[in-house]
Amino acid sequence: MIDNILKIGGAIIGAVGSASIVIIGLSSWLGKVWASRIYENERKKHEVELKEFQNKLDIKLAEFNSELDRISHQNKLRFTILHEERMAIIKELYIKLVDMQDYLNIFVKDMMNGNMESKKKETLINYDFLCKSISDFMNYTNSNRIFFSEEVIFNIREIEAIIMIIMNMNRTIIEEEDWDGQDMDKWYKLMDIMTKKEIPEFRERLEKEFRDLLGITI
């Protein structure tokens, strides 16, 4: 009787044990399947989100590059316009400088030939042209000083200082007819400095700056 009970109990335990092993194995398999499916779903979800984020990032990057190109183009355009404007201003300044130099040379010849003393009409006309050329030069440099380099501005100030002395002496000679009150040696020396040193050196400076703007090296 007891033996039968033990056999039945053993059979039951054995059956339950086998079932447990099957259940555990099945649970493990189902766990792996569900884990794999969850992982795959999450992976696909993250891939979709990542792709959407990448698309948004690409759009923003394209917009940024487009704005950067626009700003770069505007800056290049502004630089080109300012570059060309500065070239035009230096060119015009050079022309006014040459005009002033020419009339200074004519005026010196008149003085050396004694034409000023006789008040010839041609000499007075040349004096008027000289005054106008100096006025044009000084007004132009004052109006466009912002475009010039420090070296050019320094040259301009030197020329302006000498011009003011010369023109004060000229005014006394021409308008007040006072020859005796003037130091003519000083006048000739200043004219010589202006026409043979200051202006030629300034012309060379402007020529160099103009070539630099053109990108020409000599």
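**Figure 1. Accessibility of Y103 and F129 in the predicted model.** In this predicted model, Y103 has a relative accessible area of 24%, so this residue is classed as partly exposed. F129 is likewise partly exposed, at a relative accessible area of 39%. Y103 belongs to helix α1, which covers residues 2–113, and F129 belongs to helix α3, which covers residues 121–143.

**Figure 2. The stacked pair formed by Y103 and F129.** Two aromatic pairs are present in the structure. For Y103 and F129, the ring centres are 5.4 Å apart and the planes meet at 20°; the pair is therefore stacked, because planes under 30 degrees apart fall in that class. The two residues are 26 apart in the chain, and their pairing links distant parts of it.

**Figure 3. The tilted pair formed by F107 and Y127.** The centre-to-centre distance between the rings of F107 and Y127 is 5.7 Å, with 35° between the planes. F107 is located in helix α1 and Y127 in helix α3, so this pair ties together parts separated by 20 residues in sequence. Both F107 and Y127 are buried.

Figure 4. When neighbours within four places in sequence are set aside, the contacts of E198 are E158, I159, I162 and I193.

Terms used:
Residues are numbered from 1 along each chain as its sequence is written. This is a predicted model: local features need pLDDT of at least 70, side-chain atom pairs count only at pLDDT 80 or more; totals for chains, interfaces and linings use all residues. Side-chain values use heavy atoms; hydrogens and water are left out. Rings of Phe, Tyr and Trp (its six-membered ring) pair if their centres lie within 6.5 Å; planes under 30 degrees apart count as stacked, over 60 as edge-to-face and the rest as tilted. Helices (H or I, at least four residues) and strands (E, at least two) are DSSP runs, numbered from the N terminus. Buried means under 20% relative accessible area, exposed over 50%, partly exposed in between (1.4 Å probe, protein chains only). Contact means heavy atoms within 4.5 Å.
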